[in-house]
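Here is a short note to read beside the model. The points are numbered so that each can be checked against the structure in turn.

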Amino acid sequence: MRQVSVLFGGAAGDGVRGSGRLLARIMSRYGWRSFVYDDYQSLIRGGHNFSIVTSRKDEKVLAHWSRVDAVVALNQDTIDKHKDRLRENGVIIYDADRAKKLPQGVATVAVNASTIVREKRLAPIYRNALLMGALLKVLGVPLEEGLKVYEKAFGPETPNKQLLQQGYTLAEPPVSFNLSRGSAQPLPVLTGNEAVALGLLRAGLKVYLAYPMTPSTSILHTLAALQDRYGVLAYQPENEISVINMALGAAYAGARTAVGTSGGGFALMTEAFSLAGQSETPIVVVVSQRPGPATGVPTYTAQGDLAFVLNAGHGEFPRVVLAPGDVEEAFYMAADALNLAWKWQVPVVLLIDKHLSESPTSVEIDEGRVTVEEGKVVRSREELERLGLEAYKRYLITGDGVSPMALPGIEGVVVKANSYEHDEWGLTTEDPVEISRMVDKRMSKLPHIVEDLRARGPVRVWGDAGSRKAVVSWGSTKGAILEALRLMGGGFKFVQVRVLAPFPGEEVARELEGADVVVDVENNRTAPLADLVRLHAGVRVDGRVLKYDGRPFTPDELAARLSEVMEG
Amino acid sequence: MSVVKLKLDTGYKITWCPGCGNFGILAAFKRALQELFDEGRVRPEEIVVVGGIGCHGNIINYINVNSFGALHGRVLPVLQGIKLANPRLRPVGFAGDGDMLDEGISHFIHAAKRNADVTVILHDNHNFALTTSQKTATSPRGFKGRSTPMGNPEEPLNPDVLALTSGATFVARTFARDIGHMTRVFKEAIMHRGFAFVHVLQPCVTWFDTSKYYREAVYKVEGNDTSSLEEALELARRFYVDPGLRLPPRERIPIGVFYRVERPVYSDSFTWVRGPLAGDYSPVSVGKVLEELV
Ligand SMILES: Cc1ncc(C[n+]2csc(CCOP(=O)(O)OP(=O)(O)O)c2C)c(N)n1
Ligand code: SF4
């Protein structure tokens, strides 16, 4: 076996998500790559949660598969809901104190997990370790790999280690998958949100402000937990309006700053987003989408905010919108976002979604590829003198539209930023000539931004470069598309659009030109990318494969739908 | 400390109505700054003024110091962001009653609650002046604005009581026709460590001319116990503005520093932040964190 999928299921609070991630880490040590999908509800106790871990020997895996080889059930509900996902020769590992009804003809491993933890006076959450032990035996993964990960995750004294061992010893599985050790280096397992947090830090983030909103919240949690190590600040103000206005104050003062939210929170931020455009204050806004409108479906996924993000904020001003497709890209593009914001003094949106934000994935990250691009920041009087800018104007008109940005606090220098239309000094103006000059100044950055983005790879092409069938998409659908490509044995070219504003029309046109069939894949109902492709690349999309039930595509489902549209 | 002489005027043409109370605020603020500079207590480059949107907000164009023109209602978040990023700066906000107590009231309560180390000066003219006079949170009940021609149906809010009960550590009231009094109060507010709120009674000669009313009503308190919240609240509550500005005023209105105490500001808790976050663009390594996630 070179690929295996395991589903962990239970009620909210049972620790299912933790188990999914731990397995991914264990597999990573064993030379296997993993992708973890967490399906959980917006509640704290009860309901049904599950995690699917898909692991592959030696090679990357970018999506979870809907059929699984093993189900680890903390309760009866899990078996009832997921037994049909089991492949032939699949195994159910279950807490025999909590589940009694099992399907006929399926291999099972019973563990009296509830009884064992109760006798040890431990909380029910410890059942996970017992079942994990049994699972490792089924998989044929050495117990030692599990023990190492558990010690790293829970510390040397944790009772989890002993329970893992006990589960491994007790289990007498009727089958073993006999997975063999991979040769790949062990890799870290990160969610998209963790990658965003680390990418921002690497690129010099000093202030992160956010009001909690799923699925963006774990960026705040990650940075809050790391802030003392890095001497930075992660803080939660009273609401999203305060978040972004505070962020603009911090950035004006000279701190590399980002904020994070989901669609609803970004809706509250839009007036200040436009202020960032007007005042030319560098800011990164991470928007992690969930199904809307309004409160929508908080803990599920969607790509329904593309048109909103592209058009958010009144008035006309340049913006950059970046859409990473997987966890590795989330790291590099979060760093790009901060660098672009400071280099061009514009607001930058990093547009992700629940599926990318919250799916732990084995990743290879080379931080050496990221540098801090300062932009035209001026920190001292000497620097200003060197530039010949003693009579400092915050909005000096320059060749590329970007003015030197002096930080307030330099002796003899006055830095005036303004929400009103202003002259070069930053003083309010209503003069028609001044107004158009300033509008032109800001917009004149765009061609330079386009050039800059071109060097960062606004479009990536995967699969059969010479194929006359093309799939075009953006964001987290990348994983399922690449897996579908593999499942179908190739047969199409995948054009991944990584920059949505300014839209890389030329690049997209070049890649789609000459294709007989172009299929747009999106996790939404109205296919905004198809409109952008037509508008900016002049290419008409022939088919749309859309999904808007809060769930991400799985490779098998997507392969079937793609075949249908491409043949049809 | 060498004293840098900075021309405090921008030369920008002032667009307030002749006689507007804002002129007094501008004069007193410039005088307060000049005295603080001359006394060597503050350096000009440390000052950042943040203006809201309304007649009051235009003040940022008239003073030649660092400034940020914020959105309507959002003076306080911007002030706090500046201070977080660079604690060496002294951000001073100019807000309107509509601006800070209608549109942005949540920020006011929270800034006071966390005792953010910023100063905010409220130009209280009891109406939205720039939008040609509608009621605000501080308009008296019965106030006839253009959106309430039959009279404001709501009771006004008392900003000083709100500041005190929300946790502000410096609360003062002053009068835009008394430049000497304002100058003293502004200087104390700027030098205060913690959330300093200055309530300026600001006549709007065009829409709600409180000049005569306040001149008769206002009296200076001195020798009050500024460490007593009870006493401060008692003074703060004495604030009645007649909707028709009938004279003589029914009650007298105290002005002065009502409250001044020392309490930790929220950012004192950020002990891990060493030095200003602003201006530091050195790359950091996240390699160890990645290693921990293997
Ligand atoms: C979000 C938003 N809503 C409304 C306005 C319009 N507006 C501009 S100034 C103002 C009222 C100003 O009143 P106040 O804050 O009391 O200031 P004053 O003009 O009295 O100094 C309003 C409502 C705006 N600029 N922004
Ligand atoms: S309308 Fe009122 S507040 Fe505005 S400038 Fe005129 S007098 Fe001053």
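1. A polar contact is a pair of N or O atoms within 3.5 Å. With that cut-off in hand, look at ligand 1: a backbone N or O atom of B:Cys55 lies 2.8 Å from one of the ligand's oxygen atoms. The structure is a predicted model, and the distances in this note should be read as values computed from it.

2. Two further contacts of this kind can be found at the ligand. B:His56 brings a polar side-chain atom to 2.9 Å from an oxygen atom of ligand 1. At B:Ala129 a backbone N or O atom is involved, 3.1 Å from an oxygen atom of the ligand. Taken alone, ligand 1 exposes 580 Å², and the protein buries 77% of that.

3. B:His126 sits in the loop between strand S4 (119-124) and S5 of chain B. Its phi is near 60°, a positive value in a residue other than glycine. B:Ser133 belongs to the loop between S5 and strand S6 (134-135) of chain B, and its phi, near 75°, is also positive in a residue other than glycine. Are these two residues buried or exposed? The cut-off for buried is under 20% relative accessible area. B:His126 has 0% relative accessibility, so B:His126 counts as buried. B:Ser133 is buried too, because its relative accessible area is 4%.

4. Why can helix H6 (residues 159-166) of chain B be called largely enclosed by the rest of the structure? The reason is that seven of its eight residues are buried. They are B:Pro159, B:Asp160, B:Val161, B:Leu162, B:Ala163, B:Leu164 and B:Ser166. At the start of H6(B), a side-chain oxygen of B:Asn158 comes within 3.0 Å of the backbone nitrogen of B:Asp160. Just after the helix, B:Gly167 has a positive phi of about 120°.

5. Now the sheet that draws on both chains. Nine strands form an open sheet with mixed pairing, in the order S17(A)-S2(B)-S1(B)-S3(B)-S4(B)-S8(B)-S7(B)-S10(B)-S9(B). Its edge strands are S17 (416-417) of chain A and S9 (218-220) of chain B, each of which pairs on one side only. S9(B) pairs with strand S10 (residues 253-260) of chain B in the parallel sense, over three bridges. B:Lys220 has B:Ile255 as its bridge partner in S10(B).

6. A strand of chain A shows a simple pattern. In a regular strand the side chains alternate between the two faces of the sheet. In strand S8 (residues 207-210) of chain A, A:Val207 and A:Leu209 lie on one side, A:Tyr208 and A:Ala210 lie on the other, and all are buried, leaving both faces covered. S8(A) pairs in the parallel sense with strand S9 (residues 233-235) of chain A, over three bridges. The bridge partner of A:Tyr208 in S9(A) is A:Ala234.

7. Finally, cis peptide bonds. One joins A:Gly292 and A:Pro293, with omega about -5°. A:Pro293 is placed in the loop between strand S11 (283-289) and helix H11 (306-311) of chain A. In chain B, a cis peptide bond joins B:Leu247 and B:Pro248, again with omega about -5°. B:Pro248 is in the loop between helix H9 (229-237) and S10 of chain B.

Terms used. Residues numbered from 1 in each chain as written. Chains lettered and ligands numbered in written order. Predicted model: local features only at pLDDT ≥ 70, side-chain atom pairs only at ≥ 80, totals over all residues. Heavy atoms only, no water. Buried < 20%, exposed > 50% of the residue type's maximum accessible area, 1.4 Å probe, protein only. Helix = DSSP H or I, 4+ residues; strand = E, 2+ residues; numbered from the N terminus. Polar contact = N/O pair within 3.5 Å; in protein donor to acceptor, adjacent residues only side chain to side chain. Areas by Shrake-Rupley, 256 points an atom, 1.4 Å probe, with all protein chains shown as cover. Pairing = 2+ DSSP bridges.
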